[in-house]
Amino acid sequence: MMDKIDRKLLTQIQVNNRRTSEDLAQELGTSPASVQRRLKRLRESGVVEADVSLLCPKAVDRELLLLVQVTLERERVELIAEFEKQMQKLPEVQQCYYVTGDHDYVLLVTAKSMEEYERFTQENFFANANMRRFHTTVVMRRVKVGLSLPV
């Protein structure tokens with residue numbers, strides 16, 4: 001069970017997880033030791049899945065962002081598992097969602113160039129016998145990027 005302090009703590013660390021326990025404690029009206037215990041419990045219980053750093057795409061030469069809708073030929077359990085396992089291994093695939101509707105998956109893919117993305121599609125889509133089709137939308141500008149959840 002999470003209390004009001006846990007929820008405030010989760011909100012704060014989603015914005016900046018490098019804040020010190022002293023700084024967080026002062027804002028939350030509790031002790032640094034309490035903040036550390038709470039964070040440890042929230043991480044161990046899986047409420048906090050990961051602590052990550054968001055990189056500037058331009059700084060690492062990964063400015064091209066593509067939204068890819070994928071439709072598989074067949075949706076058998078083992079083929080779905082195989083596709084998902086493949087997507088999890090690919091560093092270019094930032095996010096992969098199994099969805100309802102006209103497509104089976106929506107992917108967020110990053111690339112250095114269209115040529116690199118074309119190679120990616122050749123190796124991972126065209127070479128996949130279970131790929132019916134895919135549709136790519138190129139992101140022109142990042143308007144909002146984040147994974148924060150309201151708590």
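How does the lining of the largest pocket divide by class into nonpolar, polar and charged residues?

Analyst: Happy to. This is a predicted model, so local features need pLDDT of at least 70 and side-chain atom pairs count only at pLDDT 80 or more, while totals for chains, interfaces and linings use all residues. Residues are numbered from 1 along each chain as its sequence is written, and side-chain values use heavy atoms, with hydrogens and water left out.

The lining of the largest pocket has 21 nonpolar, nine polar and seven charged residues (Ala, Val, Leu, Ile, Met, Phe, Trp, Tyr, Cys and Pro count as nonpolar, Asp, Glu, Lys and Arg as charged, and the others, Gly among them, as polar). In total, 37 residues line this pocket, and Val52, Leu54, Gly146, Leu147 and Ser148 lie nearest its centre. A pocket here is an open set of points on a 1 Å grid over the protein atoms alone, where a 1.4 Å probe fits, with protein on both sides within 12 Å along at least five of seven lines; lining residues have an atom within 4 Å of a point. The space inside comes to about 1,600 Å³, a volume filled by probe spheres set on the points, which are joined across faces, edges and corners.

Among the elements, α1 (4-15), β2 (93-98) and β3 (105-111) each supply at least two lining residues, and α1 gives the most, with four. Helices (H or I, at least four residues) and strands (E, at least two) are DSSP runs, numbered from the N terminus.

α1 packs against helix α3 (residues 32-44) at an angle of about 80°, with the axes 11 Å apart; axes are lines fitted to C-alpha atoms over the stretch in contact, and angles run from 0 to 180 degrees between N-to-C directions. That makes α1 roughly perpendicular to α3 (65 to 115 degrees). Ile5, Asp6, Leu9, Leu10 and Ile13 in α1 meet Val35, Arg38, Leu39, Arg41 and Leu42 in α3, where contact means heavy atoms within 4.5 Å. This contact has seven nonpolar, no polar and three charged residues.

The whole structure has six aromatic pairs, meaning rings of Phe, Tyr and Trp (its six-membered ring) with centres within 6.5 Å. Phe83 lies in helix α4 (residues 77-89) and Tyr105 in strand β3, so the pair ties together parts 22 residues apart in sequence.

How values were computed
Angles under 35 degrees count as roughly parallel, over 145 as roughly antiparallel, 65 to 115 as roughly perpendicular and the rest as oblique. Rings of Phe, Tyr and Trp (its six-membered ring) pair if their centres lie within 6.5 Å; planes under 30 degrees apart count as stacked, over 60 as edge-to-face and the rest as tilted.
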